[in-house]
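Please open the structure in the viewer and keep the selection panel at hand.

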Amino acid sequence: MKKKYVLFLFFTCFIFSQNKDSLLQVIKNYKLQDTLQCSRLSLYVELENDENIWMKYNTDMYNIAFKKINLRISNELKKKYYYYIGTYFNNIGFYYGSKDNYEFAILYYKKAIWFYKKAGKNNSMANTLSNIGIIFVKKGEPQKYIEYSNKALKLYKETNNYAGVANIYADLGYQYAENGSEEKAIKYLVKSLKISDSIKSKQSKIRSLEHIVKVLKSQNENQKALQYSYELASYFKEIDDKESLALTYFSIASTYNALKDFKNLFTYTSKSIELSKKINSTNTIAANYGLLAKYYLTQKQIENSFKYSKLELDIREKSLKEPAYTKSLLRFVEILIQRKDYQTAEKIGLQAYKKAQLLENTELIMSAAKNLKSIYIAMNKKSNALDFAVIELNMNDSLNAVNTKNSAIKNIFKYETEKREAEIKQLSQAKKISELENKKQKFTVYLLILIIFSVIISSYLLFKRYKINKQNEILKSEIAKTTAERKASESELKALKSQMNPHFIFNALNSIQEQFMFGDKLVANEQMGNFTTLTRQILTISGKKKIPLEVEVDVLTKYLELEKMRFETDFEYAIHVNENIDDQYIELPPMLIQPFVENSIKHGLLHKKGLKKLVIHFDLNANETFLLCTIEDNGIGRKKSEEIKYKNNHKSFSTTSVAQRLQIINDNENINDALVYEDLHDTNRNVIGTRVTLKISLT
């Protein structure tokens, strides 16, 4: 659809609205240039997907309307032609938006709004405002999207267009979810569903359900996503929308794949493929083949994966639709590597790499470089492998920078939203204060009247009012002080967390650099892969206040496996979680334990000769109000470690930062209680290691 949010159709175009070819024949045979012809041209533009075709008929509609408004015609008729000129500009805005030329898209959308206003078409203005909002989403300016969506919402409400209101709520919900405000997202999506049900609008209900499914799948709420997907499928069956139904079957299949329910995966890919073949929807068929190829690859059934990947690629080659085609090439290369067909893999891998570069897609370039690195390692072309390893690393850095930028945009979105809500609350409070002031003025008048009759009564009332005001001032002062202290603590904690992650990444990269310079290059490549996985996991959790203990243990395990490669065979570690702990329920701040583990390895075990051991143990205190974590090593002990650090002029930032975090987390409790260091001795009082105990509040 050229106008993404336009829900009306021109039913005046008789039965031809159902048949594009018949409608085109009527347009060609109709000799008059009037509003009926404009109406038919507008509908044909809506139905035609080929931009080279619909642009021509869009221009024809504009030419008819523009000539008519310069003639002496009635105001009512002139308004109709203004509407078609507005529709022309709206379609041009859509064209530029689809080409990512956002400035031109906004320019033409605003022209459309001007003509819609002259035509008195508030609904069309609202639709176009909504389109501008979507452009700002693509530009990474979510607050502008909110601004234009609210303008559209206001117009929809003024014209009692509840379907439009439901659509705006659905889109707002989806955008809030995309920017991390899940609570607001659900609130708006539920609003949209309620309105859709009340007005019995299938189109609005479908739109709401589609967004709810996307939000639930993004949050890994796959079971709930299935429930809404089935409901969505029933609506598409009811309105006989086979293309959307086939896509919904594919979505259900991908959800079952995520749930590892492979029986239903095959059931719904079969349904989607069967229906897509009936309507010749090749892109949906290719998507299903790609999903099956991905499934068989994870199951190590390489030949089946090769079969479906080849089927997908054959379809994609005919349409060359990007980035789907390049993604298909990348998956096919992965399968060729598994088949050890390195010659073919190299040829197609280079083709995929060039296409990814043309698309300027960082993630695809990184995947292509990773494939080529693996191919050249297998072919023993070390120089080529190193070149693409560097490209992969550079792309990974770029991707991390983009993720950081997106995270910043989401935080700005949250901040602006919360700021706006705070301003609304402040205005509401100001209104209440104004009402109270008016009441106070009336009270003063009554008080003056009372003074005439009794000085004693007036004096008593004045004293009472003074006392109440004093109490309010004291209370406000205490509230402001408490709020300031809480915000300071939160800001301090966020600042410390933001410094922790770069410190860890710097140390981990140093370890990998040592392998590249002095160790085995293949091992270094494996380390780089492990590091990439670990870094992504840390980036995922670092923005959260708390994570499950299960996730923290998983991060520690991956980190220790990475560190283990620095030693030959003389390093062992173990992580124990007491059986009375539910590691999926118990939560703690992320990256709290890792610095102490790193400290044990770097300053305790690295300088020790012989077998090096590290044991981490998690337990609860008697009242189950604190999580107790002990980190024990058989290293050289704190005294010798301090001597080495003194010689090297080393100061540990990370453990100092964690100590400060612990103090904040435990409500500024004495740090000596929250963090305890102990030297371990044998029977002869010789130091045989160190134990660190962390006490983490669970309240």
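Throughout this tour, buried means under 20% relative accessible area, exposed means over 50%, and partly exposed lies in between, with a 1.4 Å probe and protein chains only. The model is a predicted one, in which local features need pLDDT of at least 70 and side-chain atom pairs count only at pLDDT 80 or more, while totals for chains, interfaces and linings use all residues. Residues are numbered from 1 along each chain as its sequence is written, and side-chain values use heavy atoms, with hydrogens and water left out.

**Stop 1: R339 and E303.** Select R339, which is partly exposed at a relative accessible area of 33%. Its side chain meets that of E303 in a salt bridge (3.0 Å, N to O); the term denotes a side-chain nitrogen of Lys or Arg within 4 Å of a carboxyl oxygen of Asp or Glu. R339 is in the loop between α16 (324-338) and α17 (342-359), and E303 is in helix α15 (residues 302-319), 36 residues apart. Helices (H or I, at least four residues) and strands (E, at least two) are DSSP runs numbered from the N terminus. E303 is also partly exposed, at 48%.

**Stop 2: E312.** Which residues does E312 meet in salt bridges? One is R316, at 3.7 Å; the two are four residues apart in the helix and so separated by about one helical turn. Another is R331, with the closest N and O atoms 2.9 Å apart. Because R331 lies in helix α16, this pair ties together parts that are 19 residues apart in sequence.

**Stop 3: M379.** Next, select M379 in the loop between α18 (362-378) and α19 (382-453). M379 counts as buried because its relative accessibility is 19%. Leaving out residues up to four places away in sequence, M379 touches Y342, Q343 and E346, where contact means heavy atoms within 4.5 Å.

**Stop 4: the sheet.** Now display the five strands of the open sheet, ordered β2-β4-β5-β7-β6 with mixed pairing. Strands pair if DSSP finds at least two bridges between them. At the edges are β2 (571-577) and β6 (675-681), each pairing on one side only. β6 pairs with β7 (residues 687-697) in the antiparallel sense over seven bridges; within this region, select D679 to find its bridge partner T690 in β7.
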